[in-house]
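This briefing is meant to be read with the sequence and the model side by side. Please look through both before going on to the points below.

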Amino acid sequence: MAKSKLNLDVIPVCLFLYNRSEFINSTLDAIKKSAVGENVFLNIFIDGPKNNEDRLKVIKVKELVDQYDFSEFLDVKIQINKTNAGLAESVISGVSKVIKQHKRVVVLEDDLQVSENFFSYMKHALAFFADKKKIGSISGFAFGVKQKKDFDCYFHPRPTSWGWATWEDRWNEVEWDINDEYLKANKFSKNKFNSLGDDMTRMLKGFIDGKIDSWAIRWAYCHYKNGWLSVNPYKSKIINNGFGINNSTNTRLENNFLVNFDLSNKKDFKYPNIDIFDKRAHRIVNFYNSNLIRSMQKYFPNLLWIKINKLILKYF
């Protein structure tokens, strides 16, 4: 069992699974390898099936989880939904439950491969930035941005949803019931919100109009509204393996982004002060999230996209 609800040495983790059994063992293997030497309290949430076709897939996921060796973890809790809640509701309720107990949380999904030093990075960053209220979250994923500063991380106003962490006081600031009236009352500015990326307003309107079910765009809006920053590593601690998988909730593209994946197993990290802002990194992240790059990612043949992505990665 966890030593204490407020033991800062314990790393509380939410892992959200659904019906993609092909990822389970590789995802858990990477998480277990990163957990060696760390007190990781793993909370696994398995969503229920949408229909009869999903039922066998979800059963397979449950079987793989039941058979897995969790001996490297401090504790493991598994919650299984009888019915399908959807990713957004699963994340919101699961994170809220764990963060209420532990006051902070690290969040992962089934298609994410973590680096060996992922949990070390998260544990130290959560401790270092806990009292710095300008920071809304810690990101594990990062686009390919070459390190130009004498730090391991940089700041960006846009949070990521691929391997991230936050604290209870920040999470409690989120307004989940966003609608047009709420935006109007808060003097919403499309141009200002799109300073986080060209796709921000499009995704927010997509949620309001019922076209997408995204917790992440509401989390991003909370960062924007509060003027928060996300801490991003120059070397990504995450690879997203879910591109091109039909069962993914909001990622149906074939073309993935190449990243500078951290293979160093470095355990000590140097963080910049809040007033040190890497404008170059900010521009590059916004370029990756621009309409131009997203259109190329969506429509270009895979081999052409990879070639272009390698050039972008080399240049940046």
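Lysine 187 sits in the loop that joins α6 (180-185) to α7 (190-193), where helices (H or I, at least four residues) and strands (E, at least two) are DSSP runs numbered from the N terminus. The model is a predicted one, in which local features need pLDDT of at least 70 and side-chain atom pairs count only at pLDDT 80 or more, while totals for chains, interfaces and linings use all residues. Residues are numbered from 1 along each chain as its sequence is written, and side-chain values use heavy atoms, with hydrogens and water left out.

- Lysine 187 has a phi near 55°, which is a positive value in a residue other than glycine.
- With a relative accessibility of 74%, lysine 187 counts as exposed (buried means under 20% relative accessible area, exposed over 50% and partly exposed in between, with a 1.4 Å probe and protein chains only).
- Lysine 103, in the loop between α3 (87-102) and β4 (104-109), also is not a glycine and has a positive phi of about 70°.
- Lysine 103 is partly exposed, its relative accessible area being 34%.

**Helix α4**
- Helix α4 (residues 118-129) has 12 residues and reaches 16 Å from its first C-alpha to its last, close to the 16 Å expected at 1.5 Å a residue (the expected span is 1.5 Å times one less than the number of residues).
- Nine of the 12 residues of α4 are buried, so the helix is largely enclosed by the rest of the structure.
- Among them are Phe118, Phe119, Tyr121 and Lys123.

**Helices α11 and α12**
- The axes of α11 (residues 291-299) and α12 (residues 302-315) come within 9 Å and cross at roughly 145°, where axes are lines fitted to C-alpha atoms, for helices over the stretch in contact, and angles run from 0 to 180 degrees between N-to-C directions.
- Ile293, Met296 and Gln297 in α11 meet Trp305, Ile308 and Ile312 in α12, contact meaning heavy atoms within 4.5 Å.

**The whole protein**
- The secondary structure of the protein comes to 12 helices and 10 strands.
- Buried residues make up 54% of the 316 residues in the protein.
- Among contacts in the protein with a separation of 6 or more, 83% are accounted for by residues 24 or more positions apart.
- Along its principal axes, the C-alpha trace of the protein spans about 45 × 45 × 45 Å.
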